[in-house]
Amino acid sequence: MKILVTGGGTGGHIYPALAYVDYVKQSDPTAEFMYVGAKRGLENKILPPTGIPFKTLEIQGFKRSLNLAATKDNLKTVQLFLKSIQEAKAIVKEFAPDVVIGTGGYASGAVVYAAAKLKIPTIIHEQNSVPGVTNKFLSRFVNKIAVAFPDAAGHFPKEKTALVGNPRATSVVTVTPSEILKDYQLDPQKPTVLIFGGSQGAYRLNQAMLEAFPLFHGKDYQVLYASGDRYYAEIKEQKIDWSQLPNVSVQPYIDKMAEVMINCQLLIGRAGATSIAEFTALGLPAILIPSPHVTNDQQTKNAQSLVKAGAVKMLTDAELNGKLLVDTIDEIMQDDPLRKQMAQASKKEGIPDASQRLHALVNELTKK
């Protein structure tokens, strides 16, 4: 089987695609892949080390402003899109895939549209509870639409849409508990709270953590905080007596996030689709602080669906401060029945067989 995967711009589009590719490679070593992204997307850093054949298109997004500069830029966007469709058709014809899967981002718009016009079976995968512009556009042309949140299904034609989850979930469920917390100078036997604001960190979360550090003194749980490189130096410059906080470990980055997650009892972070897929697959309760800077406020809507299910508590970026954060952590960590109830709800929302479900759609299309 030959599968062309396209998506990019952010890790939220790229990592689910790569998780699916990894799953198929394990189950069918004869499968061939091609990945198509944008010339300026994050995929240009992530894809080359994977060894997957990789091509790019010159494409950009629309500006939402109505000024003259934005209008000129949007005219260029249209020109690049039309040009990229022709380039995408050439790539698709040359690779001759059995199916094309788009995971979002502007490059996937051109590639999936081109494949649909060439009568190649097509699937789009929507990671968020509210679809992005690209997937809304493509939903009219593709054969199947795979969603990660039940709430997203209502935005698409019912007859095409299937709940599959996010393939990143499949990647984490094989991880087993370990002594990895020792690598961060923490006790593997002690209840642990994992806090992170994404690979770059999050400004408001970091400010709240600066206020929170003294409040963690004497708690019967420990805290592992991944600040992101940009805030790590600022934390280390603070006049904090770390000898009084042996239950707190601050790291710029956590490389093996899934291995750490499974050894923790509570997660705190943004409400990105990939993170949600991972912690629900593991059945972790969470405190989510949606980023207010995401298009269509997608993270808030992602979090709200889990709040409804009883799996998470949500704090807004605007209200966040150190005391509120620690009080909310205490509420969960000091109430075993509540934490277990949230963990069960989280597990119920998780879809650990997401890659298998997505591949079932592929097989359905390619065996017709």
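Tutor: Helix H1 (11-27) gives the second largest pocket the largest share of its lining, six residues. Helices here are DSSP runs (H or I, at least four residues), numbered from the N terminus. This is a predicted model, where local features need pLDDT of at least 70, side-chain atom pairs count only at pLDDT 80 or more, and totals for chains, interfaces and linings use all residues. Residues are numbered from 1 along each chain as its sequence is written, and side-chain values use heavy atoms, with hydrogens and water left out.

At least two lining residues each also come from helix H6 (168-172) and helix H14 (354-366). In total 15 residues line this pocket, and Ala19, Asp22, Tyr23, Gln26 and Ser171 lie nearest its centre. (A pocket is an open set of points on a 1 Å grid over the protein atoms alone where a 1.4 Å probe fits, with protein on both sides within 12 Å along at least five of seven lines; lining residues have an atom within 4 Å of a point.) The space inside is about 300 Å³, a volume being the space filled by probe spheres set on the points.

Now look at how two of these helices meet. H1 and H14 pack with their axes (lines fitted to C-alpha atoms over the stretch in contact) 10 Å apart, at an angle of about 75°. H1 is therefore roughly perpendicular to H14 (65 to 115 degrees). From H1, Ala19, Tyr20, Tyr23 and Val24 touch Ser355, Gln356, Leu358, His359 and Val362 of H14, contact meaning heavy atoms within 4.5 Å.

Terms used
Axes are lines fitted to C-alpha atoms, for helices over the stretch in contact, and angles run from 0 to 180 degrees between N-to-C directions. Angles under 35 degrees count as roughly parallel, over 145 as roughly antiparallel, 65 to 115 as roughly perpendicular and the rest as oblique.
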